[in-house]
Amino acid sequence: MEKTKEEKRGQFQRLEGEIAEESKRLAIAIGGAAIYSAGVNLFIVPAGLYSGGIMGFAQIVRTILVSYLHLPIQNFDIAGLIYYAINIPVLLLGMKDIGKQFFVKTICCLTAVTIFLSFIPIPTETLLHNDILGSTVIGALMCGFGMGTALRMGASLGGTDIIALLLIKWKKNISVSKVNIITNAVLYGICLFLFDVSTVIYSLIYAAVSAFAVDHEHSQNINVEVRIITKLDDMELEQEILQKMDRGITRLESTGVYTNEKSNMLYILVSKYEVGQLKNIVLKYDPHAFIVMNEGVTVIGHYKKKL
């Protein structure tokens, strides 16, 4: 009976730790949303530029409604609301493919972006005193860092990443980068038709710099080979990895040559941004586990790529 109480207490502590860790990750992701929104409102919009992807289309719709159709909206940028309206149906369509946890976090971040974009004041002129190039680079770095931070925390700020994931399920030779390139080509083609050439050129610079910042902050394409040697024979550990991370595990029996003690080796492949989550799960069950990681491995065969 006492053992059952200890087990329940241990399960409760593990659940409590997991909730605390995920809450921390969500808070950091929302912080990324705030940085992204500040980059857009403080640097990109005052410079008259258009960010890439779905947000760029939302900004074009905003410009058409306000500047061409003269919608009576002042001191309030509706681009965030348009962005939210576009993303919600896309997220609902892809809910099964992106996973429940990623879906919930993304909804929270997307809501945060909409709120921040709606209420962060937009200066009447650029903060760098008409330095369009400087505003472009700083805004792009902020936006890219914000998007990358959210992705690193297991969330997304919405946009073409989610659409790309759905298209990858439909056609295997499509990648996130291809979808981004096609989307931005259409977007900036429209910008070239509606606006002047300089707007398109600076917007392209923004897209390139922000993409670099996202890749630097969020290395989702780096595969990591993980070997976990543990003396525990705990099915809960393996089940949590399977359920929470949706990653396959190969379990091998091993023997320590020096101690001659039996142990288990778990072999797992994850992306770089999942390493922290995997370590937390393993150390929660076995603080003395021996973990070996090898980055940048080449994988041939069935391997689930994630955002």
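Analyst: A nonpolar core is a set of buried Ala, Val, Leu, Ile, Met, Phe, Trp, Tyr and Cys residues joined through side-chain atoms within 4.5 Å. Buried means under 20% relative accessible area, exposed over 50%, and partly exposed in between (1.4 Å probe, protein chains only). The model is predicted: local features need pLDDT of at least 70, side-chain atom pairs count only at pLDDT 80 or more, and totals for chains, interfaces and linings use all residues. Residues are numbered from 1 along each chain as its sequence is written, and side-chain values use heavy atoms, leaving out hydrogens and water.

User: How many residues does the largest nonpolar core have?

Analyst: The largest nonpolar core has 38 residues. Among those with the most contacts inside it are Tyr36, Leu157 and Tyr206. Contact means heavy atoms within 4.5 Å. Leaving aside residues up to four places away in sequence, Leu157 touches Tyr36, Tyr83, Cys109 and Val113, among others.

User: How many disulfides does the structure hold?

Analyst: A disulfide is a covalent bond between the sulfur atoms of two cysteines. The criterion is a pair of cysteine sulfur atoms within 2.5 Å. The structure holds 0 disulfides. For Cys109, the nearest cysteine sulfur belongs to Cys108, 6.8 Å away.

User: Are Cys109 and Cys191 buried or exposed?

Analyst: Cys109 counts as buried because its relative accessibility is 0%. Cys191 is likewise buried, with a relative accessible area of 0%.
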